[in-house]
Amino acid sequence: PTSTSIIEEELTKVQKETLLRVTTPAILSSLASFFLFPQFSLLLAHIMNDPGVFAVLSQDSSQFIQNYLTITGLLFGILVG
């Protein structure tokens, strides 16, 4: 085997390994999220089914949106790392 074919074989091996390392967790987490999110959101809705919570949200929607955007920015910052 020539050195070029050895390099190409090694490159292909590294590419396959990287693809598996990236796609496997992404696919597993997306499937888990797809199936768990509806139950989790219904659980949270059941926990927060209180007139006081809805009163706060209905009176101060701007603060709710601001908090939502702050949390989204924080999570994005953690993701980017």
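1. A search of the whole structure, which is a predicted model, finds one aromatic pair. The rings of Phe34 and Phe35 have their centres 5.1 Å apart and their planes at 80°, and because planes over 60 degrees apart count as edge-to-face, the pair belongs to that class. Phe34 is exposed, and Phe35 is exposed as well.

2. As for confidence, the protein chain has a mean pLDDT of 87, with 98% of its residues at 70 or more. Among the elements of the chain, the highest mean pLDDT, 92, belongs to α1, whereas α2 has the lowest, 75. Where pLDDT is low, the predicted coordinates should not be read in detail.

3. The largest pocket holds about 230 Å³ of space. Ten residues line this pocket, and those closest to its centre are Ser41, Leu44, Ala45, Met48 and Phe64. Two or more lining residues come from each of α1 (3-47) and α2 (51-59), and α1 gives the largest share, with five residues.

4. Helix α3 covers residues 61-80, which makes 20 residues, and from its first C-alpha to its last it reaches 28 Å, close to the 28 Å expected at 1.5 Å a residue. Just after α3 comes Gly81, whose phi is positive, at about 70°.

Technical notes. Residues are numbered from 1 along each chain as its sequence is written. This is a predicted model: local features need pLDDT of at least 70, side-chain atom pairs count only at pLDDT 80 or more; totals for chains, interfaces and linings use all residues. Side-chain values use heavy atoms; hydrogens and water are left out. Helices (H or I, at least four residues) and strands (E, at least two) are DSSP runs, numbered from the N terminus. The expected span of a helix is 1.5 Å times one less than its number of residues. On a 1 Å grid over the protein atoms alone, a cavity is a set of points where a 1.4 Å probe fits but cannot get out, and a pocket is an open set with protein on both sides within 12 Å along at least five of seven lines; lining residues have an atom within 4 Å of a point. Grid points are joined across faces, edges and corners, and a volume is the space filled by probe spheres set on the points. pLDDT is the predictor's confidence in each residue, from 0 to 100. Rings of Phe, Tyr and Trp (its six-membered ring) pair if their centres lie within 6.5 Å; planes under 30 degrees apart count as stacked, over 60 as edge-to-face and the rest as tilted. Buried means under 20% relative accessible area, exposed over 50%, partly exposed in between (1.4 Å probe, protein chains only).
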